[in-house]
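Have the sequence and the coordinates at hand.

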Amino acid sequence: KAVRRVRRRELARISMADVLGNLSVQEVGEGLTALTTATLAGALDAAKLEWERSRGPLPIRFALILMGRLGGHESGYGSDADVMFVHEPLPDAADPGSAAGCAQWLAQKVRSALAMPGQDPPLEVDADLRPEGKSGPLVRSLDSYRTYYAKWSDTWEAQALLRAEAVVGDQALCEQFTKLIDPLRYPEGGLTDKEVREIRRIKARIETERLPRGANPATHLKLGRGGLADVEWTIQLIQMQHAHAVPALRTTRTLDGIDAAAEAEILTGEDAEALKEAWLMVTRIRNGTVLWRNKTAESMVTDPQDLVGVAHVLGLGQENSGPMVNEYLRATRRARKVVENVFYG
């Protein structure tokens, strides 16, 4: 309860500073990410203490791997906490079964403690990016991850690991996990032609199948033309192709990756600016919409009152809702041209 109470207070502080114009889009993402990371760490500490009080010393080392927008330090106001759970039995643990049981208990405890209804806003801890998704085990040992990635990992899973950041829990285990996944997400020699085609095929399929029915491709903030997915998949493809040779590309942050690609002349300066402008604008509008409507937003609002409200929250002035939409459409069209040239080739 104490962890969630602090989280509510800090959410209010960040959102007020945002509305007052005291934080940039990147600072909001960093602030919300730091808050979620601290919340997860606090919930894990509380769960470990509860285990130790009732059952004795922990038989494992345990860590949470931040994934997705959380791992990229790009959390929004409506973001879940995307994570993976990893454990390693201690040398003197009684047996692997008891170690796995402890790991499962800790993971479930963290999830339930943060998601339960209450006066403080819940935090949904989403582990769907783990190997095999919802059909796979919630928690794996480090050796299990090693075996899985060696035998069965697909290209899209290596791509998802580009935003994996191991920072919560046992630090030695975090370092071991990072060492395990680096060769997967930054493959030596880059991607094969077949792997590039596979990434492009998956992206094209997402564009046609995952866009909600009735959604406008020009104004869907995440999956629309020139939206978040377009920009992020483009830089992620570049990272998998070149990060083995360009260390600056080994980052979980989208904008840092774009800057590194431009510095290495993999992207032109003009293309990099187009991608950054669209990503920043879409993220800002997405955050502003959540602050205005108090619920997650996937598409640009269309109701005139909502448009005026979002423009006001973003500090653009209520009279500038029309120019806000026009600027959004211009920036995303420009970014989409870069995606078509660079990502789809």
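Is C174 buried or exposed? This is a predicted model, and in it C174 counts as buried, at 2% relative accessibility. C102 is buried too, with a relative accessible area of 0%.

**Cysteines**

So do these two pair up, or stay apart? Their sulfurs stay apart: the closest cysteine sulfur to that of C102 belongs to C174, and at 16 Å this is too far for a bond. A disulfide needs the sulfur atoms within 2.5 Å. Seen from the other end, C174 is in no disulfide either, with the sulfur of C102 as its nearest at 16 Å. The disulfide count comes to zero.

**Helix α4**

C102 also belongs to the buried set of helix α4, together with A99, A103, L106, A107, V110 and L114. The helix covers residues 96–115, and its 20 residues should span 28 Å at 1.5 Å a residue; the end C-alpha atoms sit 29 Å apart, which agrees. Looking down the axis of α4, you'll find the buried residues within an arc of 130 degrees, so they line one face of the helix.

**Cavities and pockets**

| Space | Volume | Lining by class |
|---|---|---|
| Largest cavity | about 90 Å³ | five nonpolar, four polar and two charged residues |
| Largest pocket | about 1,400 Å³ | 13 nonpolar, eleven polar and 18 charged residues |

The lining of the largest cavity is made by R7, L11, L32, L35, T36, S75, G76, Y77, S79, D80 and L123. Two elements give two or more residues to this lining, α1 (2–19) and α2 (25–55). The largest share, three residues, comes from α2.

As for the largest pocket, 42 residues line it, and those closest to its centre are D82, L129, R163, R210 and K222. Which helix gives the most to the lining of the largest pocket? That's α8, with six residues. Elements supplying at least two residues each are α3 (68–71), α6 (155–160), α8 (193–209), α9 (228–242) and α11 (269–293).

How values were computed:
Residues are numbered from 1 along each chain as its sequence is written. This is a predicted model: local features need pLDDT of at least 70, side-chain atom pairs count only at pLDDT 80 or more; totals for chains, interfaces and linings use all residues. Side-chain values use heavy atoms; hydrogens and water are left out. Buried means under 20% relative accessible area, exposed over 50%, partly exposed in between (1.4 Å probe, protein chains only). On a 1 Å grid over the protein atoms alone, a cavity is a set of points where a 1.4 Å probe fits but cannot get out, and a pocket is an open set with protein on both sides within 12 Å along at least five of seven lines; lining residues have an atom within 4 Å of a point. Grid points are joined across faces, edges and corners, and a volume is the space filled by probe spheres set on the points. Helices (H or I, at least four residues) and strands (E, at least two) are DSSP runs, numbered from the N terminus. Ala, Val, Leu, Ile, Met, Phe, Trp, Tyr, Cys and Pro count as nonpolar, Asp, Glu, Lys and Arg as charged, and the others, Gly among them, as polar. The expected span of a helix is 1.5 Å times one less than its number of residues. The arc is that of the directions from the helix axis to the C-beta atoms.
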